[in-house]
Amino acid sequence: MIRHQPVLAGRIAQLLNAPGPGTWVDCTLGDGGHSQALLEVLDNSCQVLGLDRDTQALAVARERLASDVRFHSIHTPFSALDQLPETQGAMGFLFDFGVSSRQLDENERGFTIRPGVRLDLRMDPDDPRDLRSILCETDPDELGRRLSDLADVPRSRLVCRHLAKIAAERDLTSDDLEAALLGAFPRGMRDRPREMARLSMALRMVVNNELEEIRTALPAAFGRLAPGGRIAVLTYHSVEDRLAKNLLRGLIGDDHDAPRDIYGNRPAMQGVWVVRREDPSKEEVAQNPRARSAQLRVIEKRRGAAMAGILGVLLVVGLVGAVMVGCVWRQTRHVELEKGLEKATVQERLLMDSVLQLQARIGAQRQPAVVGRRAMALGYKRPDRQFRLPEPETTAVHP
Ligand SMILES: C[S@@+](CC[C@H](N)C(=O)[O-])C[C@H]1O[C@@H](n2cnc3c(N)ncnc32)[C@H](O)[C@@H]1O
């Protein structure tokens with residue numbers, strides 16, 4: 001049965017939509033609501049890859065989306081993105097942090113703070129470390145410091161010492177959380193549900209190593225994102241949101257504190273904000289109270305970096321091509337000239353032969369005896385005066 005109502009599903013699908021082909025990665029698949037919304041807008045050449053560390057969530061989403069051949073899923077924490085070749089060059093990544101309604105609602109999963117429920121707090125039921133083992137392994141003062149950083153848990157060291165004592169003997173229940181808080185506040189808690197929720201959320205974040213998962217996954221996703229692709233992030237509380245916002249800012253280069261070059265220029269932007277921050281509408285919150293604290297942020301990876309690369313390659317290819325064409329042209333001209341020269345040499349030689357022959361003939365004709373005889377035969381009296389042969393012009397031709 002589908003339990004989780006996805007937050008800002010239509011809006012996120014609209015923001016991540018782009019023409020295919022390509023892969024979109026839903027890094028927090030849950031019940032598959034966001035994946036379904038994405039599949040509704042993406043064309044047939046696209047595919048959606050859903051990741052979750054919770055095997056039960058995967059089973060629900062697989063059943064829900066089984067009829068769509070464009071959907072695939074993998075059981076993994078999203079910090080392992082770098083080890084999934086199918087995510088390389090993806091057109092979109094979605095992170096919807098935290099736990100799902102299914103995990104919160106089912107007592108057996110051990111996330112709820114309803115009275116009398118055994119606490120587990122593992123998103124991945126196969127993970128060997130649950131709440132009890134974390135409490136047994138970690139120094140209570142150190143754990144208290146972390147809880148205070150994560151969720152401002154008051155008197156957190158006292159609370160952790162109390163919980164550690166119980167964990168040494170048995171599994172913990174939600175009642176133990178309440179008792180630990182009451183012990184730390186002898187005059188009573190002002191807002192019991194709020195303090196309980198904060199404490200259990202902070203413990204859940206420690207058990208699932210949630211901030212470290214985000215710290216690893218967002219840069220990995222940006223590294224694998226195609227130019228022009230987008231990352232959408234939904235956060236639900238301030239610590240998670242501050243971390244995600246700062247990571248996204250650093251990734252796109254919107255970082256005022258980033259070191260500048262010697263001329264004082266900031267490093268070039270690697271991406272842009274598409275949505276700096278968007279909250280669900282009042283209507284959505286009224287329908288789905290879990291959307292109350294949600295904040296959406298979306299970034300887009302710059303196309304320019306890839307375009308500049310492509311242009312650079314084209315320029316080099318063009319230059320090499322031009323040089324090669326020039327060489328071939330010169331070679332062709334050279335061959336043509338050589339042929340012409342050869343032809344000219346043959347013609348010149350023929351010409352010289354003709355000139356020599358002509359000279360020989362004329363020379364023969366200029367022998368006075370021969371000329372005289374010819375002239376006499378033609379009736380000239382003084383042939384050597386009247387009949388004068390012109391100087392042969394052919395000598396001018398011959399160099
Ligand atoms: C808020 S729910 C997501 C709901 C989902 N968007 C939907 O439409 O149903 C968060 C899901 O992310 C999973 N999750 C949280 N941290 C994770 C991590 N580091 N790696 C993989 N999955 C994670 C949880 O198990 C949970 O199913």
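## Two crossing helices

In this predicted model, helices α7 and α8 form a right-handed crossing. Helix α7 spans residues 156-167 and helix α8 spans residues 174-184; their axes come within 8 Å and cross at roughly 140°. Because of this angle, α7 is oblique to α8.

On the α7 side, the contact is made by Leu158, Val159, His162, Leu163 and Ile166. Helix α8 contributes Asp176, Ala180, Leu181, Gly183 and Ala184. By type, the residues of this contact divide into 7 nonpolar, 2 polar and 1 charged.

In soluble globular proteins, nonpolar side chains tend to be buried together. The largest nonpolar core of this model has 48 residues, and the members touching the most others are Trp24, Phe93, Ala221 and Ile231. Helix α10 (residues 210-224) supplies the largest share of this core, 6 residues.

Leaving aside residues up to four places away in sequence, Ala221 touches Leu81, Phe93 and Ile231. Another core, of 29 residues, lies apart from the largest one, and Phe111, Leu119, Val159 and Ala202 are among its members.

Met269 is located in the loop between α11 (238-252) and β6 (271-278). Is this residue buried, exposed or partly exposed? Met269 has 13 other C-beta atoms within 10 Å, and is therefore partly exposed.

When residues up to four places away in sequence are not counted, Met269 touches Ile252, Gly253, Asp254 and Arg302. Between Met269 and Ala369 there are 100 residues in sequence and 105 Å in space, taken from C-alpha to C-alpha.

Notes: Residues are numbered from 1 along each chain as its sequence is written. This is a predicted model: local features need pLDDT of at least 70, side-chain atom pairs count only at pLDDT 80 or more; totals for chains, interfaces and linings use all residues. A nonpolar core is a set of buried Ala, Val, Leu, Ile, Met, Phe, Trp, Tyr and Cys residues joined through C-beta atoms within 7 Å. A residue is buried if 20 or more other C-beta atoms lie within 10 Å of its own, exposed if 12 or fewer, and partly exposed in between; C-beta atoms are placed from the backbone. Helices (H or I, at least four residues) and strands (E, at least two) are DSSP runs, numbered from the N terminus. Two residues are in contact if their C-beta atoms, placed from the backbone, lie within 7 Å. Axes are lines fitted to C-alpha atoms, for helices over the stretch in contact, and angles run from 0 to 180 degrees between N-to-C directions. Angles under 35 degrees count as roughly parallel, over 145 as roughly antiparallel, 65 to 115 as roughly perpendicular and the rest as oblique. A crossing is left-handed if the near helix is turned anticlockwise from the far one by less than a right angle, and right-handed if clockwise. Ala, Val, Leu, Ile, Met, Phe, Trp, Tyr, Cys and Pro count as nonpolar, Asp, Glu, Lys and Arg as charged, and the others, Gly among them, as polar.
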